[in-house]
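Subject: Structure handover

Hello,

Here is the structure for your files. Please look it over before reading the notes below.

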Amino acid sequence: MAEESPKRRKANFNEAETEVLIEQVLKHEQLLFAAGPGRASPGQKRRVWELIRHKVNPVAACPRDVEDLKKRWRDLKRRDRSKLCRLSQGCGPPGPAAAFGLLLAAEE
């Protein structure tokens, strides 16, 4: 039986990748996250995420797939919400404008 090498983790997202990801997701936010009768189909969303992947990969340290980008976006939102919670001490769900304002700020 052939030995399998241990799975290696990918490199962390660099600042350029994160900036491009945020820029592109905010640009296509309506298509990706809109609810209600006018929302995009899963196929349309998949095509938008592929477009974002093609924009991120030229500046990426290693090739990223769509799942990597989605996970990074979720992590950015979660981290931003916790930062807002600490700043306001309200710990309620922030409004979209406030949440994305901190995402665009420089990384700590």
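The notes below cover helix packing, then the pocket.

This is a predicted model: local features need pLDDT of at least 70, side-chain atom pairs count only at pLDDT 80 or more, and totals for chains, interfaces and linings use all residues. Residues are numbered from 1 along each chain as its sequence is written, and side-chain values use heavy atoms, with hydrogens and water left out.

**Helix packing**

Helices (H or I, at least four residues) are DSSP runs, numbered from the N terminus. Axes are lines fitted to C-alpha atoms over the stretch in contact, and angles run from 0 to 180 degrees between N-to-C directions.

H1 with H3. Helix H1 spans residues 15–27 and helix H3 spans residues 42–56. They pack at about 150°, with axes 9 Å apart. H1 and H3 are therefore roughly antiparallel (over 145 degrees). H1 passes H3 in a right-handed crossing (the near helix is turned clockwise from the far one by less than a right angle). On the H1 side, the contact (heavy atoms within 4.5 Å) uses Glu17, Val20, Leu21, Gln24 and Val25. H3 brings Trp49, Ile52, Lys55 and Val56. By class, that contact has six nonpolar, one polar and two charged residues. Nonpolar covers Ala, Val, Leu, Ile, Met, Phe, Trp, Tyr, Cys and Pro; charged covers Asp, Glu, Lys and Arg; the others, Gly among them, are polar.

H1 with H4. Helix H4 covers residues 66–88. H1 and H4 pack at about 85°, with axes 11 Å apart. That makes H1 roughly perpendicular to H4 (65 to 115 degrees). Thr18, Leu21, Ile22, Val25 and Leu26 of H1 meet Leu69, Arg72, Trp73 and Leu76 of H4. The classes here are seven nonpolar, one polar and one charged.

H3 with H4. The two axes come within 9 Å and cross at roughly 90°. H3 and H4 are therefore roughly perpendicular. H3 supplies Trp49, Glu50, Ile52, Arg53 and Val56. H4 supplies Val66, Leu69, Lys70 and Trp73. This contact has six nonpolar, no polar and three charged residues.

**Largest pocket**

A pocket is an open set of points on a 1 Å grid over the protein atoms alone, where a 1.4 Å probe fits, with protein on both sides within 12 Å along at least five of seven lines. The largest pocket holds about 230 Å³ (the space filled by probe spheres set on the points). Its lining (residues with an atom within 4 Å of a point) comprises Arg9, Lys10, Ala11, Asn12, Phe13, Arg64, Asp68, Lys71, Arg72 and Asp75.

Regards

Conventions
Helix = DSSP H or I, 4+ residues; strand = E, 2+ residues; numbered from the N terminus. Parallel < 35°, antiparallel > 145°, perpendicular 65-115°, else oblique.
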